[in-house]
Amino acid sequence: MKMIYLDHAATTPVDNKVLVEMEPYFIDKFGNPSSIYKIGREGKDILCECRHRAMSMLGAKKPAEIIFTSGATESNNLAIKGVAIYVEKVLKQKPHLIVSSIEHHSMLDAARYLQKYFGYELTLLPVDKEGRVDPQEIEKSIKDNTVFVSVMYGNNESGTLEPIAKIGEVIKEAKIKRSKGKNNLPLVFHSDIVQAFQYFDCSVDRLGVDMLSLTGHKFYGPKGVGLLYVRLGTPFLPQQQGGAQEKNRRAGTENTPYIVGLVKAMELAVAERQENEKYIAELSDYLVSRIEKEIPEVELIGSKDVMKRLPHVSTFLFKKVEGEAILINLDLANIAASSGSACTSGSLEASHVTKAMGYSDLDAHGMVRFSLGKLNKREDIDKLMEILPDIMVKLREMSPIK
Amino acid sequence: MGNELYNEKVMDHFMHPRNVGQIKDANGIGQAGNPTCGDIMKIYLDIEEIDGKEIIRDIKFQTFGCGAAVATSSMVTEMVIGKTLDEAEELTNKAVAEALGGLPPIKMHCSNLAANALQDAIKNYRAKKS
């Protein structure tokens, strides 16, 4: 039975074009970029080239603004900890951090860690029912000691896009105000563009960001590699010591083959951006219309405006049914999707994202996310819809919730 | 268990649950679980007194929950149907999990509450009677 993969927001298969470019750097060109001899220099050259290519795709100004990491989790940790700890230890000020309540755990948990163990002030920004942050709320939350603001571009559960450029403007104005006064503290705007990069222009000046986190495996690149963009002049303290790599900001031998893969995947994503965005938005539209037509008591969560959504993410609240029960039934038909249900997360807690959007724990347990990719076909949706309505009828018959 | 989430017996009870539904004139109804965990189990009993013994003549369940929640509910109904109330009262969640050949550790406390729903239904029957 052919697998139908509808969980691209979790991860994606590596594109063969990416794999082909990575291959030479495992066995033939395996040199350590810090070594002086030929294959070492080759490694250094390809790294330098990759950095330039990544730089241009993000509209960065200098190659040094790109720090290669092990993925977005590391990038997010480095961003918030790097800035906050710099402010406390170097500038001797108590930092205040602003983080949206729908961020990925790698940002939220890092923020809570700094609050709990370092005593930093933390403001968690609320979102509306569609999962959107209000830029005015940020304006109101910025205090004299606010040094870091993080809002992701597109949310992996709700699919809702955040008004990043507008928030960028708000922060720019706050910076100008600050520079006119006697306040020398930095005000760093960070965004996690993990889900959005493959579909939307993420040029740093368009977004007005100082930092960006990215990982390769959400757009047909390898897992275990990502980057952090850091605008020139943004102060932060490195969080990993042990070598001069990445200009002393991220110690550790560079993961050459994976960095090559990340950058190639970024290039493919940028080259295919419009085409994929259009194709996947149409496919998602087909999925949403069929589910809404053929299954009663269902709600698409997040923004109702397709222009304000990630094209690939559609999360549905199926009332009176539990997510894992749906997923197991789908899995038996070799269809892969994911759920907001606690059961599947391992943490036994309902999703913090849907909770922030105002959904109850019970609602969160009934959510199933379908996230499409460029390899999906209309037939995949047809196959899904051959069984999904029956699964719902069966599980709802079993449900004590009326 | 290989790469399977649940063993074969659990999957069988999940995909082909026994005794699903309600009993119209149930003389004992019980519930367990909570929305935060994402499991709600409801048990309906039809108890008849024969020769001074209270026998579970019929039992049905309704469950909102994951695979383990459904399977344990189904298992409970199979284990106590035709039994006396005194026997049914002895049934524990642990015994239900064992009868299913085990559950993943993470499911043991959150989704293994079907026996509680049964005990709640028996309590409800006794309270109504007295």
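Predicted model: local features only at pLDDT ≥ 70, side-chain atom pairs only at ≥ 80, totals over all residues.

Setting aside neighbours within four places in sequence, show what is in contact with it: the list includes Leu287(A), Ile291(A), Phe316(A), Phe318(A) and Leu388(A), along with His312(A) and Ser314(A).

Next, switch to cartoon and find the open sheet of 4 strands in chain A, with order 9-10-13-12 and antiparallel pairing. Strand 9 (298–300) and strand 12 (338–339) of chain A are at the edges; each has a single partner strand, so one side of each has no neighbour in the sheet. Follow strand 12 of chain A to strand 13 (residues 367–371) of chain A: the two run antiparallel and are joined by 2 bridges. Here Ser338(A) sits opposite Arg369(A) of strand 13.

Bring helix 10 of chain A back. This helix lies across strands 9, 10 (313–318) and 13 of chain A, at about 10° to strand 10.

Last stop, the interface. Select the 22 residues of chain A in contact with 26 residues of chain B. The two chains, A and B, bury about 2,000 Å² between them, 71% of it on carbon and sulfur atoms. How many salt bridges cross the interface of chain A and chain B? The rule finds 1; show the side chains of Glu324(A) and Lys107(B), which meet in a salt bridge at 2.4 Å, N to O.

Notes
Residues numbered from 1 in each chain as written. Chains lettered and ligands numbered in written order. Heavy atoms only, no water. Contact = heavy atoms within 4.5 Å. Pairing = 2+ DSSP bridges. Axes fitted to C-alpha atoms, helices over the stretch in contact; angles between N-to-C directions. Buried area = accessible area lost by both parts, 1.4 Å probe. Salt bridge = Lys/Arg side-chain N within 4 Å of Asp/Glu carboxyl O.
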